[in-house]
Amino acid sequence: MEPTKPIDQVLERINNISEDMKTIKNDISHIKEYIRKLEVREQLEEDKLHKMEKEYVKTGWFYN
C-alpha cells in the first residue's frame with residue numbers, strides 16, 4: 001500500500017472541513033428558527049397578559 005500524497009491529504013481535509021461547515025450552517029439555521037419561534041410564543045403570551053389586564057381594568061370593581 002502506497003502512502004497518500006500530501007496534496008491528496010490536503011484535499012481530503014478540505015472536503016471534510018467543507019462538510020463540517022455545511023453541518024454547522026444547518027445547525028445554526030435550526031437554532032435561529034427555534035429562537036424565532038420562542039420569541040413569537042413570548043410575544044403572544046405578553047399580548048395575552050396585556051389583553052387580560054385591559055379587560056380587568058374595564059370590568060374591575062370601579063366600573064361595577
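Which residues form a nonpolar patch on the surface? Select Ile7, Val10, Leu11 and Ile14: those are the ones, and together they have about 370 Å² of accessible area. Bear in mind as you look around that this is a predicted model.

Stay on Ile7 for a moment. This residue sits in helix H1, which covers residues 6-58. Is Ile7 buried or exposed? Its relative accessible area is 53%, and since the exposed class begins over 50%, Ile7 counts as exposed.

Next up, charged pairs. How many salt bridges does a search of the whole structure find? The count is 2, so let's visit each of them.

Select Glu19 and Lys22. They form a salt bridge, with the closest N and O atoms 3.9 Å apart; the cut-off is 4 Å, so the pair qualifies. Both are in helix H1, 3 residues apart, which puts about one helical turn between them. Color by accessibility if you like: Glu19 is partly exposed at 47% relative accessibility, while Lys22 is exposed at 52%.

Now move along to Glu33 and Lys37. Here is the other kind of spacing to check: these two are 4 residues apart in helix H1, about one turn of the helix.

Technical notes. Residues are numbered from 1 along each chain as its sequence is written. This is a predicted model: local features need pLDDT of at least 70, side-chain atom pairs count only at pLDDT 80 or more; totals for chains, interfaces and linings use all residues. Side-chain values use heavy atoms; hydrogens and water are left out. Patches are made of residues with over 30% relative accessible area and no salt bridge: like charges are joined within 9 Å, nonpolar side chains (Val, Leu, Ile, Met, Phe, Trp, Tyr) within 5 Å. Accessible areas come from the Shrake-Rupley method with a 1.4 Å probe; for residues, only the protein chains shown count as cover. A salt bridge is a side-chain nitrogen of Lys or Arg within 4 Å of a carboxyl oxygen of Asp or Glu. Buried means under 20% relative accessible area, exposed over 50%, partly exposed in between (1.4 Å probe, protein chains only).
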